[in-house]
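Here is a brief report on a single protein chain.

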Amino acid sequence: NQDEKKLQEYMDELEFLAFTAGATVEKRFTQKLTQPDSKTFVGTGKAQEIKDYVTENGINTIIFDDELSPSQLKNLEKEIEVKILDRTNLILDIFAQRAQTSYARTQVELAQYQYLLPRLSKMWSHLDKQKGGIGMRGPGETEIETDRRIIRDRISLLKDKLKVIDKQMATQRNNRGKMVRVALVGYTNVGKSTLMNAISKSDVFAENKLFATLDTTVRKVVIGNLPFLLTDTVGFIRKLPTQLVESFKSTLDEVREADLLIHVVDISHEGFEDQVHSVNQTLEEIGANEKPMIMIFNKIDDFSYEKKAEDDLSPETNKNISLEEWKKTWMAKSKYPTVFISALTKENFPEMKKMIYDEVQKIHISRFPYND
Ligand code: GDP
């Protein structure tokens with residue numbers, strides 16, 4: 001049924017996040033509760049079941065899909081005696097691994113400290129910190145016992161540092177003049193970097209992992225005779241930690257200040273509609289939901305009918321029909337220009353480029369009404 005399917009999808013994503021962070025997942029546990037147990041998040045019986053499994057199989061980390069309260073974290077760790085991470089922690093850890101520039105590193109460090117502060121005395125107090133590993137990178141490692149005040153000082157220092165960089169970046173954005181600015185947005189791993197490379201013939205890092213891109217890349221692109229600036233932005237994800245949303249202000253400013261958004265969707269992903277919803281929600285949160293937009297459904301080369309419906313009709317005959325159906329559905333319900341492409345095989349690129357050209361031109365004309 002629907003709930004079960006969603007649950008599997010969420011767990012798949014969590015497993016993918018864990019994989020991205022460098023962990024191998026051995027087993028999944030799920031539990032249906034009307035609300036999480038206030039003390040241990042899962043019920044007592046479930047906690048015991050997890051403990052037994054963990055002990056028998058020499059498991060060293062447990063990852064939860066939700067953010068646990070500091071006390072839930074502490075209680076569970078006392079009970080089960082292995083390292084426990086939650087979704088926020090895991091995402092922060094991935095960001096820490098991926099941060100390339102000093103700006104991104106500063107942003108991640110700030111988010112990590114903000115996450116750490118309320119949990120300071122409670123996390124891993126009885127665990128062997130020498131072992132390191134996921135969730136132990138960055139501030140978790142050495143400063144855990146140090147005074148909260150040191151961390152608070154560090155937080156304000158990092159905030160100051162970011163303010164300076166934010167200002168520089170705002171100036172840089174201003175200096176780009178009146179050129180039309182287009183930002184690629186979308187869920188993580190949908191193919192934004194690949195598309196950026198294909199459109200701008202640049203060489204941005206693309207990888208089948210989550211959050212390959214933390215820093216924004218800006219490229220000047222010319223389609224037809226129209227020049228514009230194209231920005232690749234950090235991917236969105238369901239339940240993006242609030243600490244990160246805040247500290248990635250400049251990155252999100254690129255989206256906020258763009259004239260046109262290109263929303264890239266991975267149609268080969270089973271949960272793509274959910275992802276579209278998440279992205280729209282984040283756009284709303286940052287106040288960028290009223291902008292002109294183009295919807296680009298990517299990875300049509302990897303679309304397969306089996307992923308989309310449990311139907312026992314022959315998959316071969318349905319493959320195309322179904323993609324056609326998705327097209328019809330989305331063309332009808334999307335209030336934006338919509339196109340289906342493959343960034344990999346470049347299928348439908350001319351159509352996509354025409355669409356981008358038309359939208360950029362509209363903005364261009366409204367900006368320079370008396371020119372050519
Ligand atoms: P980003 O996180 O949105 O920037 O996504 P990336 O550009 O890093 O791509 C994520 C993964 O999807 C990479 O393994 C790409 O090779 C793959 N990918 C991107 N576009 C396509 C496509 O059109 N078809 C297929 N099959 N894979 C794609």
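The chain exposes about 18700 Å², and carbon and sulfur atoms supply 49% of that area. The model is predicted. Of its 372 residues, 49% count as buried. Secondary structure comes to 14 helices and 8 strands. Among contacts with a separation of 6 or more, 70% join residues 24 or more positions apart.

**Helix pair**

Helix H1 (residues 2–21) packs on helix H4 (residues 87–98) at an angle of about 35°. Their axes lie 9 Å apart. The crossing is left-handed. H1 contributes Glu-13, Leu-14, Leu-17, Ala-18, Thr-20 and Ala-21 to the contact. H4 brings Arg-87, Leu-90, Ile-91, Asp-93, Ile-94, Gln-97 and Arg-98. By class, the residues of this contact divide as follows.

| Class in the H1–H4 contact | Residues |
|---|---|
| nonpolar | 7 residues |
| polar | 2 residues |

**Sheet**

An open sheet is built from 6 strands in the order E4-E5-E3-E6-E7-E8, with mixed pairing. Its edge strands are E4 (217–223) and E8 (338–340), each of which pairs on one side only. Neighbouring strands are turned by 25° against each other on average, direction ignored.

Strands of a sheet pair through backbone hydrogen bonds, either parallel or antiparallel. In which sense do E7 and E8 pair? Strand E7 (residues 293–298) and E8 run in the parallel sense, paired over 3 bridges. At one of the bridges, Phe-297 has Phe-340 of E8 as its partner.

Note on methods
Residues are numbered from 1 along each chain as its sequence is written. This is a predicted model: local features need pLDDT of at least 70, side-chain atom pairs count only at pLDDT 80 or more; totals for chains, interfaces and linings use all residues. Side-chain values use heavy atoms; hydrogens and water are left out. Helices (H or I, at least four residues) and strands (E, at least two) are DSSP runs, numbered from the N terminus. Buried means under 20% relative accessible area, exposed over 50%, partly exposed in between (1.4 Å probe, protein chains only). Contact means heavy atoms within 4.5 Å. Accessible areas come from the Shrake-Rupley method with a 1.4 Å probe; for residues, only the protein chains shown count as cover. Axes are lines fitted to C-alpha atoms, for helices over the stretch in contact, and angles run from 0 to 180 degrees between N-to-C directions. A crossing is left-handed if the near helix is turned anticlockwise from the far one by less than a right angle, and right-handed if clockwise. Ala, Val, Leu, Ile, Met, Phe, Trp, Tyr, Cys and Pro count as nonpolar, Asp, Glu, Lys and Arg as charged, and the others, Gly among them, as polar. Two strands pair if DSSP finds at least two bridges between them.
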